[in-house]
Structure formats: C-alpha cells, structure tokens
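Here is a friendly briefing to read alongside the model. It looks at charged side-chain pairs and then at a sheet.

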Amino acid sequence: MGKMYYKLMEKVNSIITHYNHAKYWKMKFKLQSNSVNGILRNYYVYKMKKMEAFNGASLGTRPNGGSHFEGIPKLPHGLKGIIISPHARIGSECTIFQQVTIGIKDYCHERDEVPIIGNNVMIGAGAKILGKIKIGNNVTIGANAVITKDIMDNKTVVGNNRIIS
C-alpha cells in the first residue's frame, strides 16, 4: 500500500503543480544533448517553459539547451521560484531549495559572467549566487546567503560570503 500511495500522491502533485520531475529532466537532457530538432525541440521548450512559468521559475531553458546540468538536481520543493541563468553550469548531485537565484551580478549580460557550480552542492532556500564565480565540490550554502566570491571545495557558507568551515 505504501508504494501505491506514494505513486498516487506523486501523480496528484504533478497535476496540481503542473510539474513532473522525471518528464521535465528527460526533456531538459534531450535539449542539452541536441538529440532533438525542429518541431519537437520547440514543443519541449514550450512544455518546459509552461512548467516553469506555473511555478514562478526559470531554469535557463532555451531552444539551444540553455543552462547546463551535469545530472538531475534534487529539488525538495519543486521548481518554486528558482531562477537560473541560461548560461550557468551546475554539477551533478546538487540540491537546490526554493527561491534560489543563480546568475549575473550586473546588467552586463555576458555569457561568461555566470557561476559554475561544482558537484554535490547544497544550496539553501533564498540563496543568491551571482557573477563569474566558481563554487567547489561538496559545498553547503546556507539559506538566504549571498555569494559573489569563489568558494573552495568542502566549505560551508552563510550570510554575505562568510565561510564558516
């Protein structure tokens, strides 16, 4: 009964939030790999943007693939307000909570002025990661932290660029 209940609740949640985690990331990785083209590519972008818009999010989805993810991130609260630049790079096994922004620091709009996030990074709710910076592997970023400087591997960051370990 437990497994059936979980499957049912997952389906109900995807109907209510207009977001199906498995379908979204399947389409995202097909766009990233350029394995689809033409009408199907535009359909994928349309479906993904619709899921994002309903949840007040933008994960950098573009017809040319947009933001690059090494693996499927964990989104404990779904898409809920997550904003990611279309040029950002996110490593594998990352956890991204709600209301996170990953993007440019100024209005320069340069492709290379976006963060590069390493593997196994946990980004707390409301965190802002801005500018041309590199976040190392196994980093924990606290809730509402503002990160504008490079962070080395295996660190914990809170507040405004404050490294505590």
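Lys-74 and Glu-93 form a salt bridge, with their closest N and O atoms 3.0 Å apart. Lys-74 sits in the loop between S1 and S2 and Glu-93 in the loop between S3 and S4, so this pair ties together parts that are 19 residues apart in sequence. Please keep in mind that this is a predicted model.

- A search of the whole structure finds three salt bridges.
- In the pair described above, Lys-74 is partly exposed at a relative accessible area of 41%, and Glu-93 is partly exposed at 46%.
- Arg-89 and Glu-70 also meet through their side chains in a salt bridge, at 3.7 Å from N to O.
- That pair links distant parts of the chain, with Arg-89 in strand S3 (residues 89-90) and Glu-70 in the loop between S1 and S2, 19 residues apart.
- Arg-89 counts as partly exposed at 39% relative accessibility, and Glu-70 counts as partly exposed at 48%.

**A salt bridge within a helix**
- Glu-52 and Lys-49 form a salt bridge at 3.5 Å, N to O.
- Both belong to helix H3 (residues 38-54), and because they are three residues apart there, about one helical turn separates them.
- Glu-52 counts as buried at 1% relative accessibility, whereas Lys-49, at 29%, counts as partly exposed.

**The five-stranded sheet**
- Five strands form an open sheet in the order S4-S7-S10-S12-S13, with mixed pairing.
- S4 (95-96) and S13 (162-163) are the edge strands; each has a single partner strand, so one side of each lacks a neighbour in the sheet.
- S7 (residues 122-123) pairs with S10 (residues 140-141) in the parallel sense over two bridges, and Met-122 stands opposite Thr-140 in S10.

Technical notes:
Residues are numbered from 1 along each chain as its sequence is written. This is a predicted model: local features need pLDDT of at least 70, side-chain atom pairs count only at pLDDT 80 or more; totals for chains, interfaces and linings use all residues. Side-chain values use heavy atoms; hydrogens and water are left out. Two strands pair if DSSP finds at least two bridges between them. Helices (H or I, at least four residues) and strands (E, at least two) are DSSP runs, numbered from the N terminus. A salt bridge is a side-chain nitrogen of Lys or Arg within 4 Å of a carboxyl oxygen of Asp or Glu. Buried means under 20% relative accessible area, exposed over 50%, partly exposed in between (1.4 Å probe, protein chains only).
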